[in-house]
Amino acid sequence: MSFWEYVRNRQELLWFETYQHASMVLQCLVLATAIGLIIAIITYRSKTASAVATGIASVLFTIPSFALFGLLIPVFGLGVTPSVIALVLYSLLPIVRNAVVGMSNVDPSLVDAARGMGMSRLRVLFKIELPLAWPVILTGIRVSAQLVMGVAAIAAYVSGPGLGDQIFSGLARLGGANAVNSALAGTVGIIILALIFDGFFVLIGRFTTSRGIRG
């Protein structure tokens, strides 16, 4: 059976697993972005605190993916929960680091001017600092999206959803019928999703960043 015949015969399953993969990655990115921004907002004014936050995220990032999934199994079992936790942890470093850098590099004179106009610290954060830091933050989210898109395939190791099941199934049957087709279908699907996600974030950047900041 050729690759295209394999895809046609299993298109419903492949579409479903593609949807699962994209949905899991998107939800994990949203959760990681919320957590990462909160961490960055709390720590960016202090070099020590931001260094500690970035350091912890870096340590989590260096844990091998199979090892992390394996460590989560005794606590959370198999399925969606350990998959989501692992993907969120892997997503944090680029988001936290870029958010801290972006907000730390906002021109202090702009912040002082806003404060001089009577704006509260919270209003300065949401009206001045976060909008100016947004392009850098979005770059971190894009990096996390590409990273997590690939790591999400390993979620199949803990019975997580997504295209990783096609890859693991193919590799487990290597030498058997349609083994290569199965692994290739999962791999190609993930590459296509990664390109779609990246294009999506490029569009978000264009629509949410003012021309002055882009220029």
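Predicted model: local features only at pLDDT ≥ 70, side-chain atom pairs only at ≥ 80, totals over all residues.

Trainee: How many helices and strands does the protein have?

Mentor: One begins with the inventory of secondary structure. Here the protein has ten helices and zero strands, and along the sequence the pattern reads α-α-α-α-α-α-α-α-α-α. The C-alpha atoms fill a box of roughly 70 × 40 × 20 Å along the principal axes.

Trainee: What share of the 215 residues is buried?

Mentor: Burial is judged from relative accessible area, with under 20% as the cut-off. By that criterion, buried residues make up 42% of the 215 residues. Among contacts between residues at least 6 apart in sequence, 73% join residues at least 24 apart.

Trainee: Which residues does the UniProt annotation "transmembrane region" cover?

Mentor: An annotation should be read together with the geometry of its span. The unreviewed UniProt entry assigns "transmembrane region" to residues 24–44, 51–69, 75–93, 132–159 and 179–204. Residues 24–44 are 95% helix and 0% strand, with end C-alpha atoms 29 Å apart. For residues 51–69 the figures are 89% helix and 0% strand, and the end C-alpha atoms are 26 Å apart.

Trainee: Where does UniProt place the feature "domain: ABC transmembrane type-1"?

Mentor: That unreviewed entry places it at residues 18–201. This span is 82% helix and 0% strand, and its end C-alpha atoms lie 19 Å apart.

Trainee: Which residues of helix H8 are buried?

Mentor: In H8, which runs over residues 164–172, the buried residues are Gly164, Gln166, Ile167 and Gly170. They lie on the same side of H8, because they cover an arc of only 160° around the axis. Among the elements covering these buried residues are helix H1 (3–9), helix H2 (11–43) and helix H9 (179–208).

Trainee: Is Ser182 buried or exposed?

Mentor: A single residue is read by its element, its accessibility and its contacts. Ser182 lies in helix H9. Its relative accessible area is 1%, so Ser182 is buried. Leaving aside residues up to four places away in sequence, Ser182 touches Tyr6, Gln166, Ile167, Ser169, Gly170 and Arg173. Two of these contacts, Gln166 and Ile167, are also among the buried residues of H8.

Trainee: What is the volume of the largest pocket, and which residues are closest to its centre?

Mentor: The largest pocket has a volume of about 340 Å³. It is lined by 14 residues, of which Val7, Leu14, Thr18, Gly189 and Ile192 are the closest to its centre. H1, H2 and H9 each give two or more residues to this lining, and H9 gives the most, with six. The lining comprises eleven nonpolar, three polar and no charged residues.

Trainee: Which residues line the second largest pocket?

Mentor: The lining consists of Tyr44, Arg45, Met103, Ser104, Val106, Pro108, Val111 and Glu129. Helix H5 (80–104) and helix H6 (108–116) are the elements that give two or more residues to it. About 160 Å³ of space lies in this second largest pocket. Its lining residues divide into five nonpolar, one polar and two charged.

Notes
Residues numbered from 1 in each chain as written. Heavy atoms only, no water. UniProt positions renumbered as here; feature names shortened; annotations may be inferred. Helix = DSSP H or I, 4+ residues; strand = E, 2+ residues; numbered from the N terminus. Buried < 20%, exposed > 50% of the residue type's maximum accessible area, 1.4 Å probe, protein only. Arc of directions from axis to C-beta. Contact = heavy atoms within 4.5 Å. 1 Å grid on protein atoms, 1.4 Å probe; cavity = no way out; pocket = protein on both sides within 12 Å on 5 of 7 lines; lining within 4 Å. Points joined across faces, edges and corners; volume = space filled by probe spheres on them. Nonpolar A, V, L, I, M, F, W, Y, C, P; charged D, E, K, R; others polar.
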